[in-house]
Amino acid sequence: MKLIFLGSSFSIVWYMRQHKIVRRTYDKDQDTFRHIFLILPCLLLALLINEKFTFKEVMWSFSLYLEAVAIIPQLVLLQRTRNIDNLTGQYVFLLGAYRALYILNWIYRYFTQPHYVHWIPWIAGLVQTLLYADFFYYYFQSWKNNKKLELPA
């Protein structure tokens with residue numbers, strides 16, 4: 001499954017950067033989010049809150065914290081452009097659904113496996129799912145009313 005996940009992730013990045021039709025949809029003027037405002041706080045949080053202060057554990061915590069907020073630039077861009085095509089809307093919805101299903105998996109494992117407590121991934125995953133909540137609301141509203149997906153400005 002990890003290989004499928006990595007392969008699909010690399011193919012998505014390749015399509016966004018190299019595919020002549022998909023690449024034309026990128027608007028650099030609208031994409032002005034400063035990623036450093038996500039990276040530095042996540043790194044500082046990982047240095048402060050981790051399972052054990054080792055390089056591997058700090059980097060693992062950093063990856064969880066960064067993954068939790070990595071969707072923010074995409075959501076800001078979608079809100080700024082207000083132009084959400086079907087493929088992009090479904091992709092963002094499925095990313096959020098993936099995380100929500102992870103939470104169900106954690107709940108199941110908590111009740112079926114003794115001593116299954118992992119606070120860092122749980123809180124990071126909950127934060128990530130909450131960031132998707134607003135998008136989910138507008139996604140379901142557009143689906144229910146059979147309208148084009150638009151986020152408020």
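Analyst: What follows goes from the whole chain to the salt bridge, then to a neighbouring helix, the domain contact and a few backbone angles.

This is a predicted model, in which local features need pLDDT of at least 70 and side-chain atom pairs count only at pLDDT 80 or more, while totals for chains, interfaces and linings use all residues. Residues are numbered from 1 along each chain as its sequence is written, and side-chain values use heavy atoms, with hydrogens and water left out.

The secondary structure comes to 7 helices and 0 strands, where helices (H or I, at least four residues) and strands (E, at least two) are DSSP runs numbered from the N terminus. Along the sequence the pattern reads α-α-α-α-α-α-α. Taken along the principal axes, the C-alpha atoms fill a box of roughly 45 × 35 × 30 Å. The protein has 153 residues, of which 26% count as buried; buried means under 20% relative accessible area, exposed over 50%, and partly exposed in between (1.4 Å probe, protein chains only). Of the contacts between residues at least 6 apart in sequence, 58% join residues at least 24 apart, a contact being heavy atoms within 4.5 Å.

Now the part you asked about. The salt-bridge rule (a side-chain nitrogen of Lys or Arg within 4 Å of a carboxyl oxygen of Asp or Glu) gives a count of 1 salt bridge. The partners are Glu67 and Arg99, whose closest N and O atoms are 2.8 Å apart. The pair ties together distant parts of the chain, with Glu67 in helix α4 and Arg99 in helix α6, 32 residues apart.

Leaving aside residues up to four places away in sequence, Arg99 touches Glu67, Trp106, Gly125, Gln128 and Thr129. Thr129 counts as buried because its relative accessibility is 15%. With the same exclusion of residues up to four places away, the contacts of Thr129 are Arg99, Ala100 and Ile103.

Helix α5 (residues 72-81) also meets the helices of this region. Its buried residues are Pro73, Leu75, Leu77 and Leu78. These buried residues of α5 pack against α3 (36-48), α4 (55-69), α6 (86-112) and α7 (119-144). Thus α4 and α6, which carry Glu67 and Arg99, are among the helices that α5 packs against. After α5 comes Arg82, with a positive phi near 55 degrees.

The contact between them takes 6 residues from domain 1 and 6 residues from domain 2. The size of an interface is often given as the accessible area lost when the parts come together. Here domain 1 and domain 2 bury about 530 Å² between them, 53% of it on carbon and sulfur atoms; buried area is the accessible area (1.4 Å probe) that two parts lose on being put together, summed over both. On the domain 1 side, Ile12, Tyr26 and Gln30 supply 72% of the area buried against domain 2, more than any other three residues.

Across this interface the rule finds 0 salt bridges. There are 2 residue pairs in polar contact, both at pLDDT 80 or more. A polar contact is a pair of N or O atoms within 3.5 Å; within protein, one must be able to donate a hydrogen and the other to accept it, and residues adjacent in sequence count only if both atoms are side-chain atoms. The residues of domain 1 that touch domain 2 divide into 2 nonpolar, 1 polar and 3 charged. In that division Ala, Val, Leu, Ile, Met, Phe, Trp, Tyr, Cys and Pro count as nonpolar, Asp, Glu, Lys and Arg as charged, and the others, Gly among them, as polar.

Two further backbone angles remain. His115, in the loop between α6 and α7, has a positive phi near 65 degrees without being a glycine. His115 counts as exposed because its relative accessibility is 79%. Asn146, in the segment after α7, is not a glycine either and has a positive phi of about 55 degrees. At 72% relative accessibility, Asn146 is likewise exposed.
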